[in-house]
Every structure is written in C-alpha cells, then in structure tokens.
Amino acid sequence: MNLQSQTAAQKRSFEVLVINDRCKECGLCIELCPPKVLDRLDNYNNFGYRPTYIKDEAGCIGCKICEYACPEFAIFVRKVDKK
Amino acid sequence: MEELVHPLERYLRSEKLPHMWCPGCGIGTVVQAFLRAVDELKIEQDKIVVVSGIGCTGRIPQYVKFDGAHVLHGRAIPVALGVKLARPDLKVVVFGGDGDLASIGGNHLIHAARRNADLTVIMVNNFIYGLTGGQVAPTTPKEVVTYTSPYSPDSKPVDAVKLVSAAGASFVARWSTAYPVLLKESIKKAFNHRGFSFIEVISQCPELFGRINGFKSTYDLYQKIKRIGIIRRGISPYEAKYDWNTEISLGEFVNFDAPSYYDQLKEIIERARGEGK
Amino acid sequence: MSDGKLVFTHGNGAIVEGAISAGCRFYAGYPITPSSEIAEEMSNRLPKVGGIYVQGEDELASINMIVGASMAGAKAMTATSGPGFSLMQEGLGLAIATETPVVIVDMMRAGPSTGIASKAWQGDIMQARFGSHSDYEIISIYPWSVQEAFDLTVESFNLAERYMTPVVLLGDAILARMRERLHIKAPDEMNIILRKKPGESSENYLPYKRDQFLVPAIASFGEGFFVLKDSLTHNEKGYYYEKPEVQEKYVKGINEKIEKNARDIEKWDAVLTEDAEVVIVAAGTMARVAYSMIMEARKKNRKWGLFRPITIWPFPEDQLKNATKNARYIIVIEMSTGKLVYPVKWSINENARVRLVSWLNYEAPSPEELERLCEKEMNG
C-alpha cells in the first residue's frame, strides 16, 4: 500500500463491502449513491456480471442507501473502527 | 480476505443465493425490508412462518430461513390462515404478487380482510405476471403494453388498496421499493397490528415490464416509480390515486383496532364450552 | 358424547364422531348437499372440544386451509360432494406434493356437474384416484354402514398420519342420511396414530428423507426446524431443483410410499367366496344390497359370494384374485356407468369372466331386482 492510499484509508469513516458473486450489475447502488463513490468493476464475477466497487473510499458518507436498495444482499456498509 | 457476512445473513438460506430474480428486480429489496423489520422487532426466528403463492414473489420462502410454504397460485392466504389457526402463537406472513393475490387469489384476499384474519399480507405489485413471461395483470395500467395486451389492456386496473379497504381491512398501506426504510417501518407496524394487515409495494420489473415499455435500465424504471409514488398523509383509501401518468398514492390509509379472527374464534370456544357439553 | 356410547345417528353424524374421536380439531368446509350436516355438526361440536370450525368462502379456501392447519401440526378435515371435490383437486395435489396428512370426505351424489344434489351415486371412484393432475397414489376408503363410517373415519386419520398423505373418505347420499345404531368407541378401545416426529433440529435436517417404510418424518411449523414445504418438485431438503434426477426421485418417492405399503393399507371383506361360482364385487351402499342378494342366493343353494373392497385405493388386487380364483363369473355392481369395474379388470387376468351391472337409478335396487340383472348378465 503506497502513501496515497494509506492516507485515504485513514480518512475513511465507512467501509463498503461487496459480496462479488451476489451482484447482478443492476446499477441501482451506483446510480442512487449521493456522493457517487461507487462504480462498476471491469472484471466479471462467476455469474458473468461486473460487480460494484467503491472507487472513493473516503467519500462514503455512510447513508446506506446502496445497502437498502440492493435486491441481492450483495452490498453493505460498516462504520470503520477508528483507533 | 475476510469472509463477508451480510448483517441479515442469519435470516437467509445462503446456500440458495444468488436468488433467481432478475437483475434490478425489486422483490429482493422487499425481502430485505421484511428481514430488517423482523430483526429490529427481535421476533424469534422460529416463530415466523412465511407462506407464498406462485409467481416471482412466491419464491420468497425459498430464500429466507423461516418455516415456510410455497403453495398454489392464489391460495397462500387460506393456507396461511390454516397455519395461524392451528398455531396462533406463530407470526404468519403472506407474500404474493399482484397476479397471485389480486387476480386468482382475489376472493381469499377479500374474505381475509373481512374476517380481520390474523395475517400480514405483503403484495408486491410490479403491474405484470412476471414468472410466466410478462402477461397482463388486473393491476396493469391502461397506458402500458404487456405480452398479452399488445394493444393495451381491455379494462381498467384494480387498485388493491381500495379493494381491500372496502372489504373491511383494518390496516392498509402502500409503499414502493424506492422507500425501503418507510416500507420496513410499515411492516413493523403491521406485525404489531391486531388482525389483518395489508401492504402493497410498488416494485420494478425491469426485464419484462421495463423492457417491453421502453425503459432502458433498472434505474430508468425505478425513477418512474419514484416519480409517481407520492406519499400522502391522512387520506382515505378512496382518495388514493392509482394513475400511471400522474400519481400512485403511497402511505398508510387505514389503521383501526378491531377483534381479530382468532380473537373471535377463541371467544366462540369459550362460549361453547361454557354452555356445557 | 365420545366416551363409549350407543347412539342412533346418520352416516354424516358418525363421520363427525369418528373425526372428533380421532383427534380432529380443525375443520374448514363449504356447505354442499349431501355433506352439509358434517359441517353443521362440526361447527357445533368442535368449539366444545376446543377445536376450530371455519366456513371457507369456497371449496378452494377450505381445502387449502386444512392443508395449512395440518402443516402446522393439526389433524384437519373437510367434507364435500362431487362438484366441490372437483374444485379441491389442486389442493389435494398440494397435500400430496408436500406430504401433508388431511382427510377429505366426498359424499357422492348424482352427476355429472350439479346433477341431483340429494341423491346417491357412485360416480367419483376414479376421480378419488386420478382427480388431480400428474402422478400420485392415494388412499381412498368407502364405508357401507353408519358404524363403519365412524370406524373408518378414525382409520382415515390414522392412515393419513401414518403415511403423511391425504385420504379420501368416500360415501354417498344414502349413507350420509341413513340412520343406524352407532357404538362410539371409548378412547381406550381405539388405536390413534400421530405423525412421526423428526429427531433433533439441525442444519442437516432433511424433512423429506424417507424411513424404511418410505415415509418421511416432516416437522410441523413452529418446532424450530425452518422447514420449507414446497409445491414445486423438491429434493430431500425440500428445495426445488430443475434436475431430472430430482424429479425422478420425487415422483418415485410419492408413489412408492403408498404402492409399497399397499398390503398394510388395503382393507376388504370377502363373504362366502371360497367356494363361490359367482362372485359379486360391490362397494358402499350397493354392497349392502349385494350382501342381501347373495345371502338369499345361498338359501337357494346357489354358490354366490361377495367381495367388497373397503379401501377402493389402493385396490386389494391380490385379495380379489384370491377370492375369485374358483369363480366362473365376477359381476361388478355399481350405481354408475362403471368405475369399480376397471380395477377389477386390471386385477383379473381373464377379463371374459368380469361382467358389469350398471345400476343407473339413484334409488338403491332391491335384492331381487339386482339378482334378475345378474342373471341377465350371465345368460344374455
């Protein structure tokens, strides 16, 4: 991990976790995310879909709109334990 | 890589996921709201029974870790009522689509409402018969097409909220998949309501309804549903709108307290036993 | 009432007594002649013993309600007649598929369609076996007296619980309303069977795994097993899979469960058949007349006998073969265009011996009238 992403990781308050094989690329989480920190990966999961990933970790505001909207139980948000 | 466990995982039959619903289908969102409601109310997992009919919504019991029954088309309500009356200590929830509950199952819906049957009925309305490939439903608006209504439907759609209210239901609400938190709160209220509770959920069917009507993506159809779903407070079910062009009213329309069906049967048993053998 | 008593009642009343004695505490039904008295008596009696009576909005609600109640562990019953039985076929299929014990009474009446509501007929014998779609086996029982109506109702519940299956209890409009003495057995005079309970709940619980009798120990709802009861084709876990091997195992399991236990299930009565040259085959009310007829024939030194299937399904094939091995004629007598004659023909190799007397009158014949018709069949 380089210095830039280390700082980004320290800045983030929330982490967004994606169970890749459950994602069906419906795009709701990406479209509905207010700070627009989600995007689609380029590679495919085992079912042929490109899952969501968080492209700007520090930008997540923890609103959980992605988690609540997801029909697949594929994405959820956790508060980061800042030690 | 740590193993990712969804906060609601304990309520899922994980070995069956990913589920069979299309990408973007709203049913999964409804299931999530339901599971959150169960979790927040801390209802014991082995005290819930989910009963469903046939259709995409009918597949719900296959994915949730409760006692469940996936029964015949339109007949979830009588099966659920039988379960509840045999085990009144259990919480029985019915899931069905608009075709399953308002078409073939319409008679049972009406009488369950009339009886104030001790059930929570959640009807996912995506304006179409999904599982069979996209045919017209009694809830389909006149302005759209389906695979059996290429010239648009021959009749007006039914507004289930009005139908169920007129049958005497004591708790009637309508939400959409665009408001999962409000839906969850409404489900919690329904669980604590005495007798019959009915919640209609407007939901997107992107692959069939969306595609045949020119919606380019899930989000496109989702935006339409969000736009026409207007939350109203303090209006009667008969003032609620069900208009594809302007508004489908969301909110809680009926909520009154009355003896449930089981309350009345219990009273009959007491009276019969009191009168002597 | 149910403590070892002698009463005078009709067939419908005897069925109610039998059900309550067997532990039935849930009834959902729809009024239909000639079974309505069952609903009426149940609505009266069940609350007194802490049971629940529901008048369904239709027969579809009724059959599905009793399946639901049984899924949650209750002994449940409904009663109907031909038109209602037709409506219940899909629900019966649900009970078959999910292996849920229920008792369905069909008080047969003249048909087809609405027919004549209050008049007897024996036309639903095939429907009891094949009324619902696709492949299944069923248990169907046909009492011939008020006492048998009581005893066989208890037996119906026992068989339903024992084999996790619906049981169709047949009757007709004559049995429904005829009055005879009934001995309501005391609890210690009867053997009541309850469905097998699964052991400990666990992640590995397989609700549809069959024991050595091919019967699964399926948990009821609310016992902590998170059991899924699915009308779709399912495996031992109860899960739907679109796979040929799942379909095959599922269909085989449901059918062999009854087929392989047929010897234990079947009931019949053979009267004076050992040396009989003419064996009459009849069931239910027609068998009452046939019985009088063969007794009269014996008085005239004619070697006539009666074979009465009590379980119509599974049909006691081997027992019939045995009872008719010396017979020259096997005459099937029924109040219909001919239904029972088919399993008889299927059981007997030389069909030339099998004749049919089809009595198309809803008033039962006299033994003499019946004898004349049998003679005609043999001589004509």
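Let's start where two chains meet strand to strand: β2 of chain B, residues 67-70, pairs with β10(C) in the parallel sense, over three bridges. If you want to find one spot in this pairing, look at Ala69(B), whose bridge partner in β10(C) is Lys229(C). Keep in mind as you explore that this is a predicted model. Its scores are ipTM 0.96 and pTM 0.96, and chain C has an average pLDDT of 96, with 99% of the residues scoring at least 70.

Now widen the view to the whole contact between these chains. Here 34 residues of chain B are in contact with 37 residues of chain C. On the chain C side, several elements each supply at least two residues, among them those in this table.

| Element of chain C | Residues |
|---|---|
| β2 | 26-29 |
| α2 | 36-48 |
| α3 | 59-71 |
| α5 | 89-98 |
| β10 | 228-230 |

Which element gives the most to this side of chain C? That is α3(C), with nine residues.

Next, look at the inside. The largest nonpolar core has 229 residues, and those touching the most other members are Val51(B), Val83(B), Ile122(B), Phe26(C), Ile280(C) and Ala290(C). Helix α7 of chain C (residues 146-163) contributes the largest share of this core, nine residues. Both domain 1 (5-189) and domain 2 (266-379) of chain C give the core at least three residues each.

Finally, zoom in on Ile280(C). Leaving aside residues up to four places away in sequence, Ile280(C) touches Ala290(C), Ile294(C), Trp304(C), Leu306(C), Ile331(C) and Ile333(C).

Conventions: Residues are numbered from 1 along each chain as its sequence is written. Chains are lettered from A and ligands numbered from 1 in the order in which they are written. This is a predicted model: local features need pLDDT of at least 70, side-chain atom pairs count only at pLDDT 80 or more; totals for chains, interfaces and linings use all residues. A nonpolar core is a set of buried Ala, Val, Leu, Ile, Met, Phe, Trp, Tyr and Cys residues joined through C-beta atoms within 7 Å. A residue is buried if 20 or more other C-beta atoms lie within 10 Å of its own, exposed if 12 or fewer, and partly exposed in between; C-beta atoms are placed from the backbone. Helices (H or I, at least four residues) and strands (E, at least two) are DSSP runs, numbered from the N terminus. Domain bounds come from an automatic or database domain assignment. Two residues are in contact if their C-beta atoms, placed from the backbone, lie within 7 Å. pLDDT is the predictor's confidence in each residue, from 0 to 100. Two strands pair if DSSP finds at least two bridges between them.
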